[in-house]
Amino acid sequence: MAARELEEESVDGPYYLEKVSIPEDSEDGFEYEEITVEEEGVTEGEEDLEAAVKALRDRIEASESVPLTERLGSAKQPVAHIPEVVDDFLRNFLVKMGMSRTLECFQTEWFEMLQKGKLKTDEVGFVPDLYTHNQLLDNELKNVQRERDSYKQAALQAGETIVKLQKERDFHRLQHKRVVQEKNRLIEDIKRLKKHYASYEPALRQLNEKYQAALRQKMLVSIERDRVFGQVHNLDSTLRNAHSSPGTHRGLIESQKGQQKLQRSPDQNTRPSGDGVAPYNPTKDPTKTITKHPKDSEFPAGTRINPFLPQIKALSAQSTNICNFSMTRSLKAHTMAVSCLALHPRKFVVASASDDHLWRLWGMPEGEMIMTGEGHTDWLSSCSFHPSGACLATTSGDTTVRIWDFAKGRCVLTFEGHTHATWGCSFHSCGDFVASCSMDNTAKVWDLNSERCRYTLRGHVDSVNSITFLPFSNILLTSSADKTLSLWDARTGLCAQTFYGHEHSCNSATFSALGDTVASCDSYGVVKLWDVRNVSAMVTMDTGPQPSNQVVFSPSGRVLAVSSNDASVKLVEVASLHMSSLLGHNDAVQSVTFDHKGEYLLSSGSDGEIFIWSYLK
């Protein structure tokens, strides 16, 4: 209604109050009463400024004379509630519901009846307060129900969260109890192992003393043996001189006495000579094999010529620019670190060994997987192809050396003898022997025909980290964590030469293609080149500070590749010592190898990937 009146007012214009006189005989049906206006203030003729100010002051004083509590009380008197008329209630309801046409019909009929006098206004009452109160209560009830539903939903969610938290709490309690039990069990195991190892210390000390005494005895025996051999040689020359020219009877008698002395029966008790050294007894020589197995293989002659020397010399005549290597392919070979790569002796096939207990064969350079081998119970550290290319040798953290036959697709031979993890292996060029090195400070030479250990190479005082045969010879090269390299004669198991010069643990060592140079690297990235003939270091290069894991020569011998822990492959030109890096791996590079012609370089790392780098001419 108020909106309608404002709208009509805006159309007709503003209203003005006018003075209207209402006659007494008016027939409009209303009763009027005259309201007397009390004139206060200034009378006519006294309208001046002083009188107006005085009248204003009197009015202010009169209002201030009323107490403050009465004024506040009169101001706080509640306004009387005026009940709503039914017709206004209907109009408001129709407006609220948006029923404009119904409202127009109601207004039209209502005013028509009002004009015609048919509408009895006396009978039009007010909207009962109970009804309006019920409406208000109904609205409040709906609001309360909505709040109740929201609170109920929140309570359900809180209950589910509490149940979930209780389950997580119970789970973590069980996990904590399990961890505590495992911790207590491990503590008990550690205590028991400490006691167990403590009981071994006297025995180990005694064994070490015996070992040192045996070494001294061996040295004395070897000296006595050489002395006896010299005496025998002198006696032989004396006898030959006696037979060729008649000599004195005394010399002949002395020679006969000497022979009788040397041919004394071994069953008799032999006493030490005057210097306290027992005479040489071959049966007690620890360097000799006392029993010979009927299936033992014979080592080939040590004077064989490498049949690949013409090819090596042809490749060495070609120049190689280390900056021309670029990555052409990468493949995800294993789920864990790839510790070693080995090249097939004739084909471009590569074997990979990994920490996931598996080895695999790959056809290169396409990177197609050919075969997978499974059988080791711990990580694999190295692999090596048989010279025929039909078998593969692998070493592992389970302390074993396994031989795998590709035709049968399984392990055909397992060598057990090392007491700690095995680090590396290498086949002899004849194919009858395989050498292995271990963390137990020893290396072993195994016979594939008799399936036994022929020799144990003792001499290093720390872990032996790598081992390799010089091609077409019986010479073995080992590198150790005791900072030394050693050359061994595989036929006797004796150390022929030791290289000193590294200041840190040696991780890898290898021969050049011609066999006259040895390259080695250590745990601080230092690479050395050694002259085999002079047993001296020729070149020292620093590729650190990160450790170098493996070093290999290219087939031409002109380039050296080094795998580094800084996720790069270092390439070094041997002649100029110029060095460049190949970047691409996401983690430490563990192994590198060249193909047969030096056209490809393969690298593997802890990221489980194999990268193929090609040489662009």
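Reply: Cys425 counts as buried because its relative accessibility is 7%, where buried means under 20% relative accessible area, exposed over 50% and partly exposed in between, with a 1.4 Å probe and protein chains only. The model is a predicted one, in which local features need pLDDT of at least 70 and side-chain atom pairs count only at pLDDT 80 or more, while totals for chains, interfaces and linings use all residues. Residues are numbered from 1 along each chain as its sequence is written, and side-chain values use heavy atoms, with hydrogens and water left out.

The cysteine sulfur closest to that of Cys425 belongs to Cys383 and is 6.9 Å away, too far for a bond. Cys521 is also buried, at 0% relative accessible area; its sulfur lies 8.0 Å from the closest cysteine sulfur, in Cys506, again too far for a bond. A search of the whole structure finds zero disulfides, a disulfide being a pair of cysteine sulfur atoms within 2.5 Å.

The protein has eight helices and 28 strands, which are DSSP runs numbered from the N terminus (helices H or I, at least four residues; strands E, at least two).

Strand 27 pairs in the antiparallel sense with strand 26 (residues 589–594) over five bridges; two strands pair if DSSP finds at least two bridges between them. Phe594 has Leu601 of strand 27 as its bridge partner. Five residues separate the two strands in their hairpin, and Gly598 in the turn has a positive phi of about 80°.

Strand 28 (residues 609–615) also pairs with strand 27 in the antiparallel sense, over five bridges. Here the bridge partner of Ser604 is Ile610. Three residues lie between the strands of this hairpin, and Gly608 takes a positive phi near 80°.

These strands belong to an open, antiparallel sheet of four strands in the order 1-28-27-26. Its edges are strand 1 (325–332) and strand 26, each of which pairs on one side only. From one strand to the next the twist averages 20°, with axes fitted as lines to C-alpha atoms (for helices over the stretch in contact) and angles running from 0 to 180 degrees between N-to-C directions. Strand 1 and strand 28 are joined by seven bridges in the antiparallel sense, and Arg329 stands opposite Ile612 in strand 28.

Leu601 also has a place in the packing. Along with Phe325 and Leu571, Leu601 has the most contacts inside the largest nonpolar core, which has 15 residues. Such a core is a set of buried Ala, Val, Leu, Ile, Met, Phe, Trp, Tyr and Cys residues joined through side-chain atoms within 4.5 Å. Two or more core residues come from each of strand 23 (559–564), strand 24 (568–573), strand 26 and strand 28. Leaving aside neighbours within four places in sequence, Leu601 is in contact (heavy atoms within 4.5 Å) with Phe325, Ala561, Val569, Leu571, Leu582, Val592, Thr593, Phe594, Phe611, Ile612 and Trp613.

In the loop between strand 24 and strand 25 (579–583) lies Leu577, a residue other than glycine with a positive phi near 60°. Leu577 is partly exposed, with a relative accessible area of 36%.

Thr399 is a further non-glycine residue with positive phi, about 75°. Thr399 lies in the loop between strand 7 (391–396) and strand 8 (400–405) and is partly exposed, at 22% relative accessible area. A cis peptide bond, with omega about 5°, joins Met364 and Pro365; Pro365 is in the loop between strand 4 (358–363) and strand 5 (368–374).

For the protein as a whole, buried residues make up 34% of the 617 residues. Of the contacts with a separation of 6 or more, 46% are between residues 24 or more positions apart.
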